[in-house]
Structure formats: structure tokens, C-alpha cells
Amino acid sequence: MIQVNRPASGLMLGALRAAFAAALVVLAAAPFTFRATDVVLLTEFMSMLVLAIMWNLLAGYADIVTVGQHAFVGVGAYAFFGFAALWNVDPYLSIPLAGAVALAVAVPAMALVFRLRTAYLAIGTWVIAEVLMLAASKLDTFGGGSGTSLPIAIVLSFGRSRTDRLAAIYWLAFALAALALAVTYFLLRSRIGIGLTAMRDNEEGAAAIGVDITFSRILCFLGTAPFLGMAGAIITLQKLRIAPSASFSITDWTVFVIFNVVIGGVGSFEGPIIGTIVYFVLRQYLGELGTWNLILLGSFSIAIILIERRGLWGLCRRFLPDDLVPIGHKMRPQ
Amino acid sequence: MAGVWVNQLLQGILLGGLYTLFATGLSLSAGVMRFVNIAHGDFIVLGCFVLLVLTTAAGLNPVVATLAILPLAFAAGFALQRFLLQRVVGENVLLVILVTFGLSIIIENGLLQGFGADPEKVSGGWIETATIGLGHDINVGLFQLMTFATAVALVAVLDLLLYRSGIGAKIRAVADDVAAADLIGLSSARIYAVAMGISFVTIGIAAGFMSIWTDFDPASGPTRLLIAFEVVVLGGLGSMWGSLVGGIVLGVAQSVGAQFDIAWQMLAGHIVFLGVLAVRPQGLSPKY
């Protein structure tokens with residue numbers, strides 16, 4: 001890798017970092033400044049971002065290529081509905097509880113799929129997701145195969161007026177996305193992250209100096225589950241209903257997420273953010289293309305893998321001297 | 001009453017034949033070439049749609065149509081491996097998974113765009129409805145029996161091909177160590193492409209039987225992939241006869257599950273798969 005040291009690229013990176021910081025501030029206050037329809041869209045963006053960050057952590061760093069992360073989104077959605085609607089738990093408290101249930105489901109799931117090597121693990125997670133979706137459709141109190149709506153009282157507990165409600169749900173999604181970014185940042189900066197990055201970059205070299213990533217992989221797999229579960233709860237608050245096919249939607253919570261991360265850049269902190277932005281921009285401007293949308297994204301992501309496997313951020317890094325959010329450790333000049 | 005269960009067991013074993021057909025190609029690519037083609041099920045469904053067009057628009061007999069697509073299937077698999085997958089094969093399985101995953105979504109939505117979401121079926125004529133009575137109210141379909149016989153024959157041929165033939169030895173050499181195989185003068189890229197071509201021939205055969213056996217629609221691919229995958233893992237990775245064992249176990253599990261409650265058919269299959277994975281991760285009949 002050639003080090004780029006032109007002043008212009010340094011300035012550009014500075015500008016990008018400033019824009020990133022400014023965007024965070026603007027987004028934190030979004031309900032005050034944006035219209036209701038935009039707040040709805042931004043809430044959806046934050047939920048998708050959480051899913052993208054989690055998939056990237058697993059596939060890009062922990063060598064766990066999952067095609068079944070919609071399992072935990074669905075479990076979170078159903079658990080949230082169970083706590084809030086069926087067992088009268090406080091709706092706000094039900095969100096972390098949904099995360100806890102997703103974690104509880106992730107433990108046996110991990111024990112099973114970790115018996116498979118990486119290539120087969122992908123489909124193993126898919127089988128687990130399929131089983132959970134079929135099981136969910138057997139739960140009659142949750143509406144069986146066709147699902148059911150969230151009771152109006154629970155919806156109202158997030159705000160009496162529509163504006164208040166949209167703002168409250170937005171801030172929940174924003175907080176979860178911010179927490180996901182922060183946790184990923186500190187995890188990747190930690191000893192665990194260094195081990196994972198070393199293993200990703202050179203497996204034999206990392207193993208030779210004594211890096212053991214078994215524990216790190218388990219930690220990552222279990223760590224992503226509560227985030228996916230809480231995202232499922234927040235998604236349920238947006239959709240206002242649960243249903244096996246929608247809550248456990250592979251297209252919405254896994255396929256699009258994988259494409260977004262691949263396009264943005266697998267294995268970089270910035271990748272999921274860029275990919276999710278690109279996805280929402282495409283969706284706004286290309287409209288609801290339906291099947292063509294997926295064909296387009298599929299072709300685009302295959303092209304990305306063939307041309308620059310580190311995605312759009314990998315392309316940018318050819319011109320920028322450093323990452324937007326530096327997670328690597330630099331040697332101090334002697 | 002016992003007759004019902006014997007019948008259900010028999011139907012399950014025959015269904016296992018179809019599942020073995022789904023799995024042999026995946027067993028070849030996953031167990032021998034060490035990567036998983038996520039688009040495997042979608043390619044089977046694509047084959048079904050090609051056969052649908054050939055039998056309805058071109059008016060071909062389904063058997064003739066299936067035989068006609070086999071050389072095309074080999075060429076398609078060879079080209080896919082040579083020109084696309086070979087560029088991402090390597091230490092990192094992530095890239096192969098992602099490329100085949102992208103292909104899977106493209107095929108599924110391409111078919112949806114072209115044919116719509118309605119279920120389709122290829123008519124097999126009289127073969128489809130002919131049954132053979134075995135006494136005691138137990139009947140087996142002629143077509144189901146033919147499927148099972150084809151599965152056994154295919155497994156036998158592939159096993160011989162892999163473990164008794166020159167090309168099989170080359171495929172296994174490349175699977176064991178690409179660098180060493182290249183070093184002794186084997187062209188690993190070419191051998192991978194041949195293996196993928198063979199895998200696609202099995203996809204063509206599977207499509208031939210599936211298109212007559214059941215309804216299919218553009219979204220049928222993932223279910224077929226999951227079945228094929230479960231069969232391969234149940235049987236033991238890389239073992240051809242294992243996929244017959246895995247296919248029968250899965251077919252019987254689904255068939256017995258369906259006898260309790262039709263809604264339990266798929267779930268029963270998945271649960272047996274996860275159970276075996278938990279207690280015997282190397283599969284029921286491992287090769288190594």
C-alpha cells in the first residue's frame with residue numbers, strides 16, 4: 001500500500017471528518033428540524049445502520065459470514081411484542097429485554113453453528129433462522145402465521161401525538177445506532193479487535209504469534225445478538241405489527257444489509273455507514289423498483305467484489321491518507 | 001394403522017431420492033472444492049423454468065428436454081467457475097459466499113421479473129400418475145421410484161468418478177492442496193471448472209425431476225439450497241453415498257412429521273438436522 005501524502009488529500013480527509021461530526025450533531029437533533037416524513041425515513045436509516053454494523057463486525061472481522069441475522073431481528077420483534085403487549089411490561093423496558101431474549105437464543109444457536117466451518121456456517125445460520133421463523137408462525141398468542149398488530153395503548157405510550165411518537169422512536173433508533181458505533185469502535189481498538197484484524201489480514205502470521213480468536217469470535221457472535229434484537233423491537237415500533245414473514249424477513253434484514261455492507265466496504269468501520277447511505281439515496285431516487293432494485297444491487301455488489309473488495313470506502317482510501325474514524329493503532333515516532 | 005406409517009416411511013425414502021439429487025452437486029462443490037455455492041438452489045429453479053419453456057413453448061418431451069439441457073448445464077457451470085468464481089476462490093471464503101449470494105438474488109428476481117410469482121409445474125404425462133401396488137393398500141408412484149433409482153445411479157457414478165477415475169483424482173488433489181497440485185503440473189483453475197461443470201450437470205438432472213415432482217416458483221431456490229445443505233451435512237461432507245443416507249433421513253423425517261401435522265413437515269426436517277449436527281457434527285456417514 002502506497003502512502004499518499006499530498007496536502008490536498010489531507011484537507012479532504014479533514015473536511016470529511018468535519019462533515020461526519022456535523023452530521024452526528026444534526027442527526028441528534030433531527031426531530032426538531034426535519035419534517036415528519038423525513039424523521040420516519042431517518043428512523044429506518046438508523047435501524048438499517050445497526051444491522052449493517054453488526055453484519056460487518058461478524059463477516060468483516062470475526063470471520064462469521066452469516067446469512068441468518070434476520071433470525072435475531074425476528075426474535076427481538078416477537079420478544080418485544082410478548083413483553084409489552086402480552087405480559088404488560090413497561091414498553092421502554094421491553095426493548096432491552098428483547099435484546100436479552102435475542103442473546104439467550106444466540107447461545108444455543110452459536111453452539112450449533114460453530115460446529116460448522118466458515119463456508120457452511122453461512123447456511124447453518126440460515127437454517128436456524130428458518131426454524132425460528134417456522135416456530136414463530138406456530139405461536140397462536142402472537143397471531144400465528146399471519147401475525148398481529150401492536151395494541152394501540154403501547155403505541156401511545158411512546159407519545160400521545162404523532163410528532164412526539166415519531167421523535168421518541170427516532171431517538172431510540174439513533175441511540176441504538178450510536179451505541180452500536182461506539183461499541184464497535186472500542187471493541188476494534190481493544191486487544192480483541194487487534195487480534196481479529198491480525199487474523200483477517202494474515203491468518204498464518206497471526207496464529208504464529210499466538211493470536212487465538214475462538215473466544216473473540218464467540219464474543220462477537222453473542223455481542224451482536226442483543227443489538228439485532230433491540231433493532232427488531234424498534235423496527236416493530238415503526239411497522240406497528242409483527243408477522244413471521246415480515247419480522248423474520250431475509251430480504252429486508254439480511255439481503256439488503258449484506259449488499260449495503262459489501263458496497264460500502266466489508267471489514268472497515270466506515271463501510272456500513274457509507275453502504276447504508278448509498279442504499280437510502282438509491283432508494284429515494286430510483287423509487288420503489290422492486291425486483292429490479294435487488295437485481296441492480298446484486299450486480300453492483302458482485303462488481304464491487306471483483307474490482308475493489310474493500311468497497312467504496314476502499315476506493316476512497318486510495319486517495320485519502322487515513323480512515324475517517326481511525327481504529328488502527330499507529331506506531332509512535334521514536 | 002401400521003399400514004399408514006409403512007406407507008409414510010416409504011414415501012419419505014422416495015422423497016429422499018429427490019433430496020439426494022438436490023444435494024449431489026452441492027456435495028461436490030462444498031465437500032470437495034471446499035466452498036458453498038449459495039445460488040445452488042436458485043440454479044435448480046432456473047433449470048426448472050428452462051424446462052418449463054422447453055416443454056410448453058417448444059413442445060419437447062420432458063425427458064428429452066432434461067437430457068438436452070445437460071450439456072448446456074455443464075458449459076454454464078464450467079464458464080461460471082472459470083470466468084467468475086475462479087477470480088474470488090482462495091483462502092477467504094467470504095468472497096465466494098458473497099458472489100454466489102449476489103447471483104442467487106439476481107436469479108430469483110430475474111425469474112420473478114420474467115415469469116411472475118405464480119407456481120408453475122412441468123407436466124410429466126402418464127408417468128406422473130402411474131402407480132405400482134405393493135399390496136396392503138400401499139402404492140408407490142412410478143415417477144417417484146424412477147427418481148430414487150436415478151439418485152442411486154447418480155451417486156454411484158459420481159462416487160466412481162471421484163474415487164476411481166483420473167479426473168476424480170485430479171479434483172481431489174486440487175481440493176487437498178491447490179498450491180501442491182499446481183506445482184506438479186495440474187491446472188487447478190481448469191479442474192475447478194470441470195468439477196463445477198459436473199456439479200451443474202447434477203443441477204440439470206435435479207431440475208428435471210423436481211419440475212415434474214412439485215410446483216415451483218422463482219422463490220423456491222432457498223428452500224432447495226437448505227435441503228441440499230442439510231443432506232450434505234447429515235451425510236458427511238464430501239461423501240457421495242453419505243448424501244443418499246442424508247437424503248433418506250431428511251425425507252423420512254419430513255414425511256413422518258407431515259403425518260402428525262402437515263405444517264410440521266419442514267420443521268421436522270430442520271429439527272432432525274440440528275439434532276444430528278448437535279450430537280454427530282461429522283455426519284452420519286463421513287468419508288474422512
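Start by selecting A:R318 and A:E308. The two residues form a salt bridge, with their closest N and O atoms 3.0 Å apart. Keep in mind that this is a predicted model.

Now show the secondary structure around the pair. A:R318 sits in the segment after α16 (311-317) of chain A. A:E308 sits in the loop between α15 and α16 of chain A. Side chains of opposite charge can pair when their charged atoms come close. Over all chains, the count comes to seven salt bridges.

Next, show chain A and chain B together. Select the residues in contact: 37 from chain A and 40 from chain B. About 3,600 Å² is buried between chain A and chain B. Carbon and sulfur atoms give 83% of that area.

How many salt bridges cross the interface of chain A and chain B? The rule finds zero. Polar contacts between chain A and chain B come to three residue pairs, both residues being at pLDDT 80 or more.

Stay on the side of chain A that touches chain B. Color α3 (36-61), α6 (118-136), α13 (250-264) and α15 (291-307) of chain A; each supplies at least two residues to this side. Which helix gives the largest share? It is α6(A), with 13 residues. Color the side of chain A that touches chain B by class: 27 residues are nonpolar, five are polar and five are charged.

Move to chain B for the last stop. Select helix α6 (residues 142-164) and helix α7 (residues 166-176) of chain B. Two packed helices are described by the angle between their axes and the distance between the axes. Here the axes come within 5 Å and cross at roughly 70°. That makes α6(B) roughly perpendicular to α7(B).

Display the side chains where the two helices meet:

- From α6(B), pick B:L161, B:L162, B:Y163 and B:R164.
- From α7(B), pick B:G166, B:I167, B:G168, B:A169, B:I171 and B:R172.

Finish by coloring this contact by class. The contact of α6(B) with α7(B) has six nonpolar, two polar and two charged residues.

How values were computed: Residues numbered from 1 in each chain as written. Chains lettered and ligands numbered in written order. Heavy atoms only, no water. Axes fitted to C-alpha atoms, helices over the stretch in contact; angles between N-to-C directions. Helix = DSSP H or I, 4+ residues; strand = E, 2+ residues; numbered from the N terminus. Parallel < 35°, antiparallel > 145°, perpendicular 65-115°, else oblique. Contact = heavy atoms within 4.5 Å. Nonpolar A, V, L, I, M, F, W, Y, C, P; charged D, E, K, R; others polar. Buried area = accessible area lost by both parts, 1.4 Å probe. Salt bridge = Lys/Arg side-chain N within 4 Å of Asp/Glu carboxyl O. Polar contact = N/O pair within 3.5 Å; in protein donor to acceptor, adjacent residues only side chain to side chain.
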